[in-house]
Structures are given as structure tokens and as C-alpha cells.
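Please walk me through this structure, starting with the whole chain and ending with single residues.

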Amino acid sequence: MDVFDLIVIGGGPGGYLAAERAAQGGLNVCLFEKRALGGVCLNEGCIPTKTLLNSAKLYRHATESEAFGVTAGDVKFDHAQVIKRKAKVVKTLVSGVGMTMAAHKVNVVSAACEIKGKEDGKFKVEAEGKAYYANRLIIAAGSEAVVPPIPGVKEGVESGFVTTNREILDMTELPKTLAVIGGGVIGLEMACYFASVGVKVHVIEMMNKIAGPTDNDICKVLMAEYAKRGMEFKLSAKVLSVKPGFVVYEDKDGQHELACDKILLSVGRRAATKGIGLETLGVEMNRGAIVTDDKLMTNVPNVYAVGDCNGKLMLAHTAYREAEVAVNNILGKKDHIRYDSIPSVIYTDPEVASVGDTKEQAEKKGLKVKEVNVPMMYAGRYVAEVDGGKGFCKIVLDTDKNRVVGVHIVGSYASEMILSAAMMVDTELPPERLKKFVFPHPTVCEVVREAIFKL
Ligand code: NAI
């Protein structure tokens, strides 16, 4: 009988890190993965998209750097080569996860598994007709793209005309025209890639703004930058149907048929919790996601859920932290997660990074706040590197508690700067203390320092 201290279901960032940390803590771990180690993040999300976006950035540098004294002749963009390189990057990182699992003696089972309740006080999990038992479970089953019941979408997916984040990353030919349904994070990152390399991109968004809860002024900067690359936005637009070669949508001006070669469907993701036997344990669910507390515990003792499947904050780095919190609790070490200081990034060009509340969100919670907004042009390095950039950094201060509750940045290096902001939110240090930190010069991050001094 195969008995383990811990069974982890899912080998994405939440699952593989949980397995690694648990093994480091001395537990005998078995991990099940039905597709590929690394999950959505490594195989069809964070890493492949960043590989594509970097190629687009290189192309833009090669073609738009005359003002910087650089002119290149006959620059070509080879999308098939970009996809080939992406596959190589993914393979390297996925095999790295495999090696880490092996180094920690995690028993990896490459198969779909299903929970079959409890037997003799132990959790029973079956895969390929074989039973595995454990004293504890960590569910890290991830998420899947939402495919809404819009007429024609199902047929479009079958014919390849409609893609999700998965299929679009394996497409080897650039479409001439791409319609992106959903102007959220996935839609904007992919739109940025395709528009930067010459594809005509239309973003169709149901709400009256792109990028969900992102600061409104940041959205305006993004839309203005994208418009320069020929991208068109249809806001407050409802998609009615999809038919071969067209997407039909409705806005205040009536119904429209938009011709396109491909459609990217990016209208959100949902927890992937079906078919894993959670009902055999009576795990509490909320709209398809597993309900967890701040220790990542479910309502069933010794069952934890980390990453996208708990539907809290679908980000790989959230899953990492959740995995560590769950394992620490299993190992008897006190730990809990706090979600309000987890940063998020949109890897568009310019980049967007934020942590905590915007002014509007904080005010809705009843906080008394002060917001400062400093242009990135205050940072010498930004001026040196970016011509006429419109980047800025906003800090939101809770004036009653005298602590930073939100930071919102748009511009180059935003993704690399946001950790300092997340630390400000997490540590709750007052501005007087934050002013004593020394920022390296010249860095774009100095704009954060400038903003702190305006609080
Ligand atoms: P999302 O929730 O960010 O955006 C979906 C958008 O689609 C929303 O703006 C919504 O209003 C719109 N929408 C929904 N139904 C629609 C319809 N029928 N017609 C038009 N618009 C419609 O979801 P997305 O972009 O699919 O991303 C999924 C998850 O993946 C997110 O939770 C995100 O956090 C994560 N992710 C994170 C990334 C990052 O951290 N850089 C990158 C990519 C994804």
C-alpha cells in the first residue's frame, strides 16, 4: 500500500512549491499532475507570454529607436521562431521543476487522480486504477479559461477560429486581424504582443473600461499607448455571437459585425475543481471554488487548497505564498496569509504594477485617504531611457493610520519596482520611516521615493 504523509493534487506553482517545502520539512510527499509540471504558469501562462512579449519588445526597440541614435535596416519578425523559442524556454523550466521534485524525493505521478473519500482514517486517492493514501491533502488543481455560452463560440473553438490562452500560444502564423474578447489581464498582454508586431487588434470589453480594477488614470495611459499601435477598443460592448470570420457585438450605436482572422477569448478563469472527488470528502465550495481560511484550510480537517482553485487571487505568486502557509501549518508552524499586500502586474508595454487599494477602492471601504501622483519623469534614468513617457507612480495613504494602503505604477520597470511598494503596505511603516530608505541612483524606482516625500 502506498501511504504518504501528504498528497498534493496539481503540479503548478502552488502544488510543486507545496511539495518541495513539505519534503524539505521532512514529509513523504506524492504529487499528481495530469498534464505537465509547472501548470498554467510555466506551460501556457506567465512564462510563455513573457517570452513572446520580450520578442515584441526587441522588435520595437529595433524598429523605433531612431531618436536614440539607433537605426536598423531590414528588421524582420519571425513569429514561428518566437513560438519555437517559447517551447524551448518552457521545456527548460518544466524539466527544472521535475529535477527539483526528484532532488526532494517527491513521488510524482503523471496522471489524473480522483479523491475517493477516506479509508481507515486516511485520504484515498486513485490514479490509473491504483490507490494512494495520505494523512493530509493539498488541493492545487488550478483554473481553466471560461468559455461563455455565446452562440458560435463552441464551434469556433473546435475549428480553431476561437482560441484561449492555451491555443494562441502554439499558433505559428500571425493573423492579420485579431479580435480579443475581454480586456482583462490576459487580453491586454496578448493584445500588446500582437499589436506590437503589426497585427490589427480589436479589444471588445463588456465594461466601460479595460483592465478591471486597475486605477483609471493608468487605464487611460495604456489605451493611449495602444492606440498609437493601431489598437482599437470597443468598450461597453456585448458580444452577441461568433460566426466564421466574424464576431458580432452590440454597443450604444447598435449591432456590429467585425471581420477578423482569429479570436482570443479572455473573459476570465474559473477554479478547476470538477472531477477530482472533492464531494467525497464534503469539501465546502463557493461558486466552483474551494473555500479556505487564512491558513488555506478547508472545512475538512487536514485538507488544504492553494492557488487558483480557491479562487482568491489567481496569481502564481499568490499560489507560492499560499503553498508555504499551508505547509507551515501542516508542519505545526504558525502562519497565515494576508492578501492585501500581494502585488499584481500587467506585463504590457508600458508595464503596469499595483498593490493594495486605489483611492476610490479605499474610500469605498470608508478610509480617509490622501493620494499623491508623481510622473516618472522625476526619475533621471526614466528620462534618459524613455522618450516622452507618460508613466507615473501613485501612492494612497490612509491618513488616520498614517500608513500606505496602495501603490499604482505605470511605466518601464514597474514590475521590478512593485516589491518595494508591497513591503510598504505589508510592514505598515509610517511615511516618516519610509523617507529614511536610500534608493539607488539613478533608478526608475526613485519615483517611489519622490512620491513618499509628497505624502
Ligand atoms: P480578467 O478577469 O482579468 O478579465 C476578463 C475581462 O473580460 C473583464 O474585463 C470582463 O469584463 C471581460 N468580459 C467578461 N465577459 C465578457 C464578454 N462576454 N464580452 C466582453 N468582455 C467580457 O480575466 P483574464 O484576462 O481572462 O485573466 C484570468 C486570470 O488570469 C486573472 O485572474 C488574472 O489575474 C490571471 N492572469 C494574470 C496575469 C499576470 O499576473 N500578469 C497574466 C494573465 C492572467
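Of the 455 residues of the protein, 50% count as buried, where buried means under 20% relative accessible area, exposed over 50%, and partly exposed in between, with a 1.4 Å probe and protein chains only. This is a predicted model, in which local features need pLDDT of at least 70 and side-chain atom pairs count only at pLDDT 80 or more, while totals for chains, interfaces and linings use all residues. Residues are numbered from 1 along each chain as its sequence is written, and side-chain values use heavy atoms, with hydrogens and water left out.

The protein has 14 helices and 24 strands; these are DSSP runs numbered from the N terminus, with helices (H or I) of at least four residues and strands (E) of at least two. The C-alpha trace spans about 70 × 60 × 45 Å along its principal axes. A compact globule of 455 residues would have a radius of gyration near 23 Å, and the value for the protein, 23 Å, agrees with that. This radius is taken over C-alpha atoms, and the globule rule is 2.2 Å times the number of residues to the power 0.38. Among contacts (heavy atoms within 4.5 Å) between residues at least 6 apart in sequence, 64% join residues at least 24 apart. The protein exposes about 21,100 Å², of which carbon and sulfur atoms supply 52%; accessible areas come from the Shrake-Rupley method with a 1.4 Å probe, and for residues only the protein chains shown count as cover.

Next comes the ligand. Around the ligand there are 21 residues, and Ile 186, Glu 189, Glu 205, Gly 268 and Val 345 come nearest; a residue is near a molecule or strand if one of its heavy atoms lies within 4 Å of it. Helix H7 (residues 185–196) gives the most to this shell, with four residues. By class, the shell has 13 nonpolar, five polar and three charged residues. Here Ala, Val, Leu, Ile, Met, Phe, Trp, Tyr, Cys and Pro count as nonpolar, Asp, Glu, Lys and Arg as charged, and the others, Gly among them, as polar.

An N or O atom in the side chain of Glu 205 is 2.6 Å from an oxygen atom of the ligand. A polar backbone atom of Gly 268 is 2.9 Å from an oxygen atom of the ligand, and a backbone N or O atom of Met 206 lies 3.2 Å from a nitrogen atom of the ligand. Taken alone the ligand exposes 850 Å², and the protein buries 78% of that.

Two loop residues show how parts of the chain meet. Gly 10 lies in the loop between strand E1 (2–9) and helix H1 (13–24). Gly 10 counts as buried because its relative accessible area is 9%. Not counting residues up to four places away in sequence, Gly 10 touches Gly 15, Tyr 16, Leu 31, Phe 32, Glu 33 and Ala 140. Thr 164, in the loop between strand E8 (162–163) and helix H6 (165–168), is buried too, at 9% relative accessibility.

Some backbone details remain. Most residues other than glycine have a negative phi, and most peptide bonds are trans. Ala 211 has a positive phi of about 60 degrees although it is not a glycine. A cis peptide bond joins Asp 349 and Pro 350, with omega about 10 degrees, and another joins His 441 and Pro 442, with omega about -5 degrees.

Definitions and conventions. A polar contact is a pair of N or O atoms within 3.5 Å; within protein, one must be able to donate a hydrogen and the other to accept it, and residues adjacent in sequence count only if both atoms are side-chain atoms.
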